[in-house]
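Here are my notes for you, point by point. Have the chain open while you read, and follow each residue as it comes up.

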Amino acid sequence: MLKSFEELIDLAKSKEPKKIAVAVAEDKEVLGAVKACKDLNIVDPILVGDESKIKKIAEEIGFDLSDVKVIDEKDGVEASRIATKLVNEEKADILMKGLIDTSIIMKQVLDKEIGLRTGKIISHVAVFDVETYHKIFFVTDAAMNISPNLEQKKEIIENAVELAHSLGIENPKVAVIGAKEKVSPKMEATIHAKELTDMCKRGEITGCIVEGPFALDNAMSKEAALHKGIDSTVAGDADILLVPNIEAGNVLYKSLTILAKAKTAGIILGAKAPIVLTSRADDQEAKMHSIALGVLLASR
Ligand SMILES: CCCC(=O)SCCNC(=O)CCNC(=O)[C@H](O)C(C)(C)COP(=O)(O)OP(=O)(O)OC[C@H]1O[C@@H](n2cnc3c(N)ncnc32)[C@H](O)[C@@H]1OP(=O)(O)O
């Protein structure tokens with residue numbers, strides 16, 4: 001079972017290096033992370049973007065590009081398209097978002113001709129390590145699916161459970177988050193939580209334990225759960241938090257990274273290849289962890 005991001009990097013180092021296509025690579029944190037991962041011999045990068053800007057940043061950070069392929073494309077949409085197409089054509093194993101809006105690169109990923117669709121839902125999982133929680137945990141979906149319906153939430157859980165299994169978390173505990181732990185007909189998130197719990201009980205969602213609704217405190221703190229008289233194996237020990245919508249997920253993601261200084265890695269699942277996707281504001285370390293996660297997944 002994965003215990004730290006250091007372990008994640010070590011695991012990635014034990015794999016063959018993977019080709020990573022970076023869309024709109026002209027960013028210091030992105031190039032710093034790619035350089036660090038290249039130095040560890042876990043990736044062989046293809047940088048797509050404004051070549052003059054890429055070269056200027058590379059020089060500043062001491063990134064020797066002599067054996068790195070750079071594709072010059074100043075337009076961000078086109079650069080995203082080229083990088084996505086490289087993965088579609090299996091010229092790269094991993095796609096990475098650089099200095100570009102998530103919706104722009106994900107539109108390329110969804111493109112029927114050059115994209116990376118598989119028929120499954122494409123969803124984001126953020127992996128967190130924060131001092132105030134006793135283990136690594138996931139938040140899904142803070143970045144891709146805006147307001148998922150019940151069936152989409154089921155598939156988002158399945159993507160996250162598959163990731164958990166890949167990281168050695170055998171029977172992950174999934175907490176379906178709402179604003180309270182009781183079902184309220186006025187709050188769709190709580191109704192979905194109950195239905196997802198029932199689906200798991202009926203064997204329609206497997207490989208995990210799904211329970212909810214939970215308010216965040218009950219999912220993450222045993223004491224808070226006991227205080228409210230909640231009797232559940234998931235309460236206070238969740239591995240995966242399924243958030244009701246992108247706003248809740250994104251606020252939680254950024255609260256964890258900005259306020260709680262959590263370590264993080266972000267990845268898009270359900271596409272033909274792993275897609276490294278962090279916030280543009282995330283630091284080099286977060287991007288490095290995310291690349292390592294991409295390498296692990298691309299090695300399966
Ligand atoms: C957490 C750190 C990083 C961040 O902070 S990210 C910041 C916030 N995130 C974002 O701005 C992105 C949020 N998402 C979006 O904007 C949109 O969902 C996105 C990705 C642009 C797609 O929207 P549209 O292009 O309008 O797509 P659409 O809904 O009209 O659907 C077009 C076709 O694609 C399919 N599709 C859409 N989302 C999918 C998914 N998740 N998985 C699989 N397939 C999906 C959809 O079924 C449709 O297919 P078809 O063409 O009918 O066959």
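1. How far apart do the C-alpha centres of domain 1 and domain 2 lie? They are 28 Å apart. Before going on, note that this is a predicted model, where local features need pLDDT of at least 70 and side-chain atom pairs count only at pLDDT 80 or more, while totals for chains, interfaces and linings use all residues. Residues are numbered from 1 along each chain as its sequence is written, and side-chain values use heavy atoms, with hydrogens and water left out.

2. Domain 1 takes in 5–118 + 271–298, and domain 2 covers 123–260. These bounds come from an automatic or database domain assignment.

3. Look at where the two domains meet. Twelve residues of domain 1 are in contact with twelve of domain 2, contact meaning heavy atoms within 4.5 Å. The size of an interface is often given as the accessible area lost when the parts come together. Here about 870 Å² is buried between domain 1 and domain 2, with carbon and sulfur atoms giving 73% of it; buried area is the accessible area (1.4 Å probe) that two parts lose on being put together, summed over both. On the domain 1 side, Phe-5, Leu-277 and Leu-293 lose the most area to domain 2, together 46% of what that side buries.

4. What about charged and polar links across the interface? The count of salt bridges between domain 1 and domain 2 is zero (a salt bridge is a side-chain nitrogen of Lys or Arg within 4 Å of a carboxyl oxygen of Asp or Glu). Two residue pairs are in polar contact there, both at pLDDT 80 or more. A polar contact is a pair of N or O atoms within 3.5 Å; within protein, one must be able to donate a hydrogen and the other to accept it, and residues adjacent in sequence count only if both atoms are side-chain atoms.

5. Next, the sheet. Eleven strands form an open sheet with mixed pairing, in the order E3-E2-E1-E4-E11-E10-E5-E6-E9-E7-E8. Strands (E, at least two residues) and helices (H or I, at least four) are DSSP runs numbered from the N terminus, and two strands pair if DSSP finds at least two bridges between them. At the edges sit strand E3 (69–72) and strand E8 (209–214), each pairing on one side only. Strand E2 (residues 43–49) pairs with E3 in the parallel sense over four bridges, and Val-48 has Ile-71 in E3 as its bridge partner.

6. The salt-bridge rule gives a count of 21. One to find on screen joins Glu-51 and Lys-55, whose closest N and O atoms are 3.1 Å apart. Both residues lie in helix H3 (residues 51–61), four residues apart, about one turn of the helix.

7. Most residues other than glycine have a negative phi, and most peptide bonds are trans. Yet a cis peptide bond joins Thr-140 and Asp-141, with omega about 0°, and another cis bond joins Gly-212 and Pro-213, with omega about 5°. Asp-141 is in the loop between strand E6 (137–140) and helix H6 (150–166), whereas Pro-213 is in strand E8. Val-24, in the loop between strand E1 (18–23) and helix H2 (28–39), has a positive phi near 60°.
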